[in-house]
Amino acid sequence: MGAPAPTRLRADWRIDTMNTSLADSPLLEVNNIEVVYNDIIQVLRGVSLAVPKGRIVALLGTNGAGKTTTLRAISGLLKPENGFIREGYIKFNGVDITNQLGTDVVRLGAVMVPEGRRVFKHLTVEENIRVGSVTRRESLAVIRENHQGMYRHFPRLAEITNRLAGYCSGGEQQMIAIARALMAAPQMLMLDEPSLGLAPLLVKDIFRNIQVINQELKTTILVVEQNAKIALAISDYAYIMESGKIVLEGASRELQDNPDVKEFYMGITQSGRRKSFKEVKSYKRRKRWM
Amino acid sequence: MSYFFQLMVSGIVVGSIYALSALGFVLIYKSSRVLNIAHGQIIAGGAFIVFALTVWVGIPIVLSFLASLVITFFLAMSVERIFLRRLIGEPIISVIMVTIGLMSILDGVIYLTPFGSMNYSFPEFLPTTPLSLGGVSISWTQLVGVVITAILIGAFSWFFKSATLGISMRAVSDDQLASMSVGISVPRVFGLAWALAGLSAAGAGAIIGNITGLNYETLRAFGIAVFPVVILGGLDSIIGAVVAGIIMGLIQQFAAGYVDGNWGLNGTADVLPYVILLVILLFKPHGLFGTHEIERV
C-alpha cells in the first residue's frame, strides 16, 4: 500500500465539529508535559491534550506508548513509581494540578479507574463502593443515596453486595471499580483500559455503561484504550500516542475513516480486507508517524 | 472442677490483655507491613503516663486513663510522622531497623525516668475483696480490665467494619495504588494506624500495670509476648489477634495449673504457647485468620 502522508488533523475541531459554545477553556488541559521516571527515563516527551466539559475523549495507542503514564500524571499517581512531571503543566477546571497529590486531585473532581481494575480484593462489594466516598464531606444520607444510585446503575452489583470483590468476575470487578470511582462524585472520570482482559460482549457492556454515565451523570470522560474500534465508536474526540508523543488527533468520526488508523489500530487495509495480525505487526515496525 | 474454671477465668483475663496488646501490633502491620519492634516500649509508656497522671499529678484514675489514651494517640502519631513518614516506599527491612532504633531510644528515655529503675504499684481504687462465684474468684481489677479490653476491642471492630475511615484503612492494606486513585491519603492512614496502635497499647499497659504493678522489664516483655499471639492469629487479622490472644492466655494458665510441678516439669507455661504455635502453623501457615492471597483462575 502506498501509505499516504500521515494526516495531522489539527483543524480547530471545537468550532469545526462541535457546538461553538464549547470553545471556552476545556475542563482538563494538559500542556506539553514531560515525565521522567527515576530522574532518568523519559517516558512522555511533550504531551498536550484537552478534554472539554461533558465530552468523551479517547487516548489510544499501543503498549508502552505512555498512555497510562499520562493518566497517572493527571491523577497525581506518579510518585509511587518515582515519576515526576519535569516540563509543562496540567490544569483541571482552571486549577494547576501539576505534580499535585492524588488526594487533592480527587477532591478537585478528577478520579481515575486504574488499569486492571484494582478492586480491593479482601473488601466486600459494598465496602469497595463505600470507600470511593472517602474524600466527600457531605452528610451520610447524601452519600447513602448516592450509593443506592450505583446499585440502580449496576443492578448486578446489588445482588452481590456481600461478596468479597476478589472473587467477583472480571466484568463485575470492572463495574465495582467504576462505581467506586463514581462515589467520589467526580466531574471527570478517567478510565485506564476498561476493556483489559474482558470478553468482547462484556467490553460492549462496559462501554455502553460509560456512555450512559456520560449522558446521565454529565460526567466528562477520558478513556485510555488499545481497542481503538470501540473507543472511537463512543468518543467525541481522540488522540493517538506513540513513544511518548501525541502523533495524531481528531474528531473520532474522522479518525475512524483515517486509513492509517484503520490499518494500524483496527487491522483493516484500504480495500477493507482484514489483515492477518502478523502482517500488521511486521509492517508496523517500519512505519513511522513522524 | 472449680479449679478448672478458675484457671479458665484467669486464662481469659490474661488472654484478653494479650489480645489488646497484640491489636496495636496488628494495626501497624496490617496497614503498612511494618513490624513494630518498639511496641512493648509503647505499652510500658502508656502505663507510666497513667501512673504519673494519677499519683504524681493527682487526677482521678478514670480521667488519667482516658487522658493517657489521647496522649499516646498523638505521641504515636508524631513518632510515625518524625521517624517513619520519610521511609514510605523504602525497603521494609530499613523500616524495621528504624523501629529497632526507636526501641533503643524509648528504652533510653524511660531509663532516664524513675520508672526505669524503680517499681511502683497503683493505689487500690477498687474493692480489694475478690468477687467469687461458685468457688471461682476474680479480682475487681481483673474484671474491670477485661471489661475495658472488651469495650476497646469492640470499638475497634466497629471502626474497621462500619466506619468509612476504618474501611479505607483496610483498603490501603489491600491495594495502595487503588487507594490513592480513590483519594485516600496513604501517609495519613499510616499515621492513623500508628496513633490507634499507640492508643490500644496504652490501654493494655494501664490494665497490665494495675494488675501486676509497674515493673519496666515486665511491661516491656509484653512487646515480645505478642509475637506468638499475632503469628498464631495471622499477622494482619484483628479478630485473629483477639482469638489467638485468648487461646494463648488459656494455654498458659492451664499449663501453669496442670502441667507445672507434675512429672518433674517446670516452666511449661512459658514454653507451651510456642509449641502449640508451631503445631498450628504446620497446618495453617497463614495463622488462624491470616489473609490468603485471593487468586482467580
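Reader: Among contacts in chain B between residues at least 6 apart in sequence, what share joins residues at least 24 apart?
Author: The share is 75% in chain B, where a contact means that two C-beta atoms, placed from the backbone, lie within 7 Å. The model is predicted: local features need pLDDT of at least 70 and side-chain atom pairs pLDDT 80 or more, while totals for chains, interfaces and linings use all residues. Residues are numbered from 1 along each chain as its sequence is written, with chains lettered from A and ligands numbered from 1 in the order written.

Reader: How many helices and strands are there in chain B?
Author: Chain B has 11 helices and two strands, which are DSSP runs numbered from the N terminus (helices H or I, at least four residues; strands E, at least two). Read from the N terminus, their order is α-α-α-α-β-β-α-α-α-α-α-α-α. The radius of gyration of chain B is 19 Å, close to the 19 Å of the globule rule for 297 residues, so chain B is as compact as a globular protein of that length. That radius is taken over C-alpha atoms, and the rule is 2.2 Å times the number of residues to the power 0.38.

Reader: What box do its C-alpha atoms fill, and what percentage of chain B is buried?
Author: Along the principal axes, the C-alpha atoms of chain B fill a box of roughly 60 × 55 × 35 Å.

Reader: Is Pro123(B) buried or exposed?
Author: Pro123(B) counts as exposed, because it has 10 C-beta neighbours inside 10 Å. Pro123(B) lies in the loop between helix H4 (92–112) and strand E1 (131–133) of chain B. Its C-alpha atom is 8.0 Å from that of Val55(B), a residue 68 positions away along the chain.

Reader: Turning to the interface, how many residues of chain B are in contact with chain A?
Author: On the chain B side there are 18 residues, in contact with 28 residues of chain A. Helix H6 (164–174) and helix H7 (176–181) of chain B each supply at least two of the chain B residues. H6(B) gives the largest share, six residues.

Reader: How do the residues on that side of chain B divide into nonpolar, polar and charged?
Author: Eight are nonpolar, seven polar and three charged. Ala, Val, Leu, Ile, Met, Phe, Trp, Tyr, Cys and Pro count as nonpolar, Asp, Glu, Lys and Arg as charged, and the others, Gly among them, as polar.

Reader: Now chain A. What is the order of the open sheet of four strands?
Author: The order is E2-E1-E4-E5 of chain A, with antiparallel pairing; strands pair if DSSP finds at least two bridges between them. E2 and strand E5 (95–96) of chain A are the edge strands, each pairing on one side only.

Reader: How many bridges join E1(A) to E2(A)?
Author: Eight bridges join strand E1 (residues 28–37) to strand E2 (residues 41–51) of chain A, and the two run antiparallel. Glu34(A) has Arg45(A) as its bridge partner, and Val36(A) stands opposite Gln42(A). E1(A) and E2(A) form a hairpin with three residues between them, and Asn38(A) in the turn has a positive phi of about 50°.

Reader: And what about the order of the sheet of six strands?
Author: This open sheet in chain A runs E6-E7-E8-E3-E9-E10, with mixed pairing. Strand E6 (110–113) and strand E10 (245–251) of chain A each have a single partner strand, so one side of each is left without a neighbour in the sheet.

Methods. Buried ≥ 20, exposed ≤ 12 C-beta atoms within 10 Å, placed from the backbone.
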